[in-house]
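Good morning, and thank you for making time for this short report.

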Amino acid sequence: LDTTLLSSSLLLTLSTLLIPVFTQLLPKTLKSPTATITSATKTAFLISLIPTTLFIHSGTEHIISCWEWKPIMNFKIPISLKLDLYSVLFIPTALFVTWSILQFASWYMASDPHITKFFLYLLMFLIAMLLLTIANNMFLLFIGWEGVGIMSFLLIGWWHGRAEANTAALQAIMYNRIGDIGLMLSMAWLASSLNTWELQQTSPATHLPTLPTLGLLLAAAGKSAQFGLHPWLPAAMEGPTPVSALLHSSTMVVAGIFLLIRTHPMFANNQLTLTICLCLGALSTLFAATCALTQNDIKKIIAFSTSSQLGLMMVTIGLSLPQLAFFHILTHAFFKAMLFLCSGSIIHNLNGEQDIRKMGNLQKTLPTTTSCLTIGNLALMGTPFLAGFYSKDLIIESLNTSYLNTWALLITLLATSFTATYSLRMTLLTQTGFTRTPPTTPINENNPAVINPITRLAAGSIMIGLLITSFILPVKTPPMTMPTLTKLAAITVTALGLILALELSNLTHAMTSPKRNHASTFSISLGYFNPLTHRLSSTSLLISGQKIATHLIDLSWYKKLGPEGLAHLQLSMAKTSTTLHTGLIKAYLGSFALSILVTTLLTQTP
Amino acid sequence: MGAHLARRYLGDAETEPDPLQLPTFPPRLGLPERRARVMVATAEELARAQVPLDQRDFCAHHLLRLMRCHRDAFPVPWQCHDLRHAWDACQHHDYVMRMKEFERERRLLQRQKRLRQREVAAATGE
């Protein structure tokens, strides 16, 4: 009975989401499609609590359903779905966050003429993401993977009249494609060596070679914006704020980490891959935190914060703690989505102003939004007993007590203190101080479509850590014994970061001109990464293309070696022999007669 | 925190045990009444409860009680706090025992070095 109830309620959840997609195809129009879609997502969330509760209570390991869909004779799509703890917890979280974002978007995008299309795009993205989550087969996962990539492109470039938005959308596609090379490599390897794409058959007891695991790592680095493939995530802030909140903080960017969590048994024994995960994650988290320190656009700060937390999740994978990484995904989804919604509320209320230097004293005019912004920042910093604490503090503790790379440990601690610094900087500049906004701004947050989602997510940010730890037992024993300094390491570095931020903000009040040194220039120009890679790679490709087209083909093959060269050779030979052509017939006849006479005389032998 | 690693590189590596190669001395050297540790939970119980392999250690009986309590007390999570504390305390004592083993190894290595130095001194003294 349990299994039937579980599967049928999950099926009901997924079909509730599909209803608005198909009703749009009907000729008659619904009274308010956006409200329909929002309520469909809300209903789906409430229904999805049933399979989650049943799953946790029954202590099931996982439920796998294998089916094949054969549209034509020789082509089958394996619809094999896996319901384990990860998918069963992710679905209600994603639906809850999406419900809040859709409700917010009905206010934020109210003036947009194609709001229905926007909502449908978000819904299609959600369906692709959930497909990715419950996929047991790499092929199905790939369908979901590409689906979220396409919807990301369409949603980042929503305001397609803007050149920067189009560039950003294309950038997202390019970087994700580089990651897809890795995914396709590992899929091809799995198909050729293990003859399967099913996840439960891809983790043999024997040691797996490093190549497919590196492919998966590249895929995760591309999708989850690790260092080297990270520029698309800050650029993706060109899209509307609901898009940033849903895709580029909670759901899409964690798809790479989710892939690594799902395929963790494949490389749990491969120390090289785990070390690369650890070091790449540590580098990403520090780099993103450094870049966030000097950003002035509120959305870019939160984007770099997302990138930093994704690096932390990658570090957790490198520590061989996939369940803890997944836990961090869930808690991060709540407070990051809330941070984006608060920033969206601030931006809309200030008539499109995104620069924090032109905001100030919003605590008085936007009390609820700014309070929730503070709660979100505290959760992000890992304040004790908020959501972020339960996952982030455990990660830092496990990192401190593990036998591994000290450099990665120090880098991660430094990034944790930077997190506190940029969060406090953002809070201080937006909420406190003097009002630097223009005097006539349409500030009004008394709209339930704004307040309800934000407060709902705030409640989630406070409670979700406690809820998950109460009901789910860890599958890897957490470290219980460590020196006091190690136990307090995370909160100490956070406090140091806060003190540093307060000190720096006090300095800026006293100084007149901003100080420009190498560190600040590095941070402001995002590590010089964008111009270096974008210009170098494209110019080198274009120059080599030009060389091949002109020097190789035109010059060498046609001129030097081909028809012109042959003609030139003939011409030079003809030029040397042309001086012998004098045109004197009598001389030619005389030479003929002479040679015949000499030949006749010589051949006559007496 | 990492002092043992620093001592292996900067201090005397001979008297510092390698954390990955413990133990090198016989377990009953100097402790004649020592008995081997016995797991309270049986292998069948752990297999039936589907406990993850990493968690089938000497504290697994506490974990089994905790899992049973979680199943019975659902959806009220605070009834199992005592059992969770018992499991955590057992893990803590296990860790302390491991640290004591490490310290024993270190002192035995130091003793070994002292004995060797005494032999060398006696051989050169004579």
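B:Arg37 has a relative accessible area of 39%, so this residue is classed as partly exposed. Please bear in mind throughout that we are looking at a predicted model. Which residue does B:Arg37 meet in a salt bridge? The partner is B:Asp94, with a distance of 2.8 Å from N to O. B:Arg37 sits in the loop between helix H1 (3–10) and helix H2 (43–48) of chain B, whereas B:Asp94 belongs to helix H4 (residues 81–125) of that chain; the pair therefore ties together parts that are 57 residues apart in sequence. As for burial, B:Asp94 has a relative accessibility of 7%, and because the limit for buried is under 20%, this residue counts as buried.

Let me place this pair in context. Over all chains, the structure holds 16 salt bridges. In general terms, side chains of opposite charge can pair when their charged atoms come close.

Another pair in chain B is B:Arg106 with B:Glu103, where the closest N and O atoms are 3.1 Å apart. How far apart are these two residues in helix H4 of chain B? They are separated by 3 residues, which means about one helical turn. B:Arg106 is buried at 17% relative accessible area, while B:Glu103 is partly exposed at 25%. In chain A, salt bridges with shared partners link A:Glu146, A:Arg177 and A:Asp180 into one network.

A further example is the salt bridge between B:Arg71 and B:Asp72, with 3.2 Å between the closest N and O atoms. Here B:Arg71 is partly exposed, its relative accessible area being 49%, and B:Asp72 is exposed at 55%.

I turn now to the annotated region. An unreviewed UniProt entry carries the annotation "domain: NADH-Ubiquinone oxidoreductase (complex I) chain 5 N-terminal" for residues 69–119 of chain A. What is the secondary structure content over residues 69–119 of chain A? In the model, that stretch is 57% helix and 27% strand, and its end C-alpha atoms lie 29 Å apart.

Finally, the surface. A:Ile548, A:Leu552, A:Ile553, A:Trp557, A:Tyr558 and A:Leu561 together make a nonpolar surface patch of about 630 Å². A:Ile553 has a relative accessibility of 34% and so counts as partly exposed.

That concludes my report, and I welcome your comments.

Conventions: Residues are numbered from 1 along each chain as its sequence is written. Chains are lettered from A and ligands numbered from 1 in the order in which they are written. This is a predicted model: local features need pLDDT of at least 70, side-chain atom pairs count only at pLDDT 80 or more; totals for chains, interfaces and linings use all residues. Side-chain values use heavy atoms; hydrogens and water are left out. A salt bridge is a side-chain nitrogen of Lys or Arg within 4 Å of a carboxyl oxygen of Asp or Glu. Helices (H or I, at least four residues) and strands (E, at least two) are DSSP runs, numbered from the N terminus. Buried means under 20% relative accessible area, exposed over 50%, partly exposed in between (1.4 Å probe, protein chains only). UniProt positions are given in the numbering used here, feature names are shortened, and annotations may be inferred rather than shown by experiment. Patches are made of residues with over 30% relative accessible area and no salt bridge: like charges are joined within 9 Å, nonpolar side chains (Val, Leu, Ile, Met, Phe, Trp, Tyr) within 5 Å. Accessible areas come from the Shrake-Rupley method with a 1.4 Å probe; for residues, only the protein chains shown count as cover.
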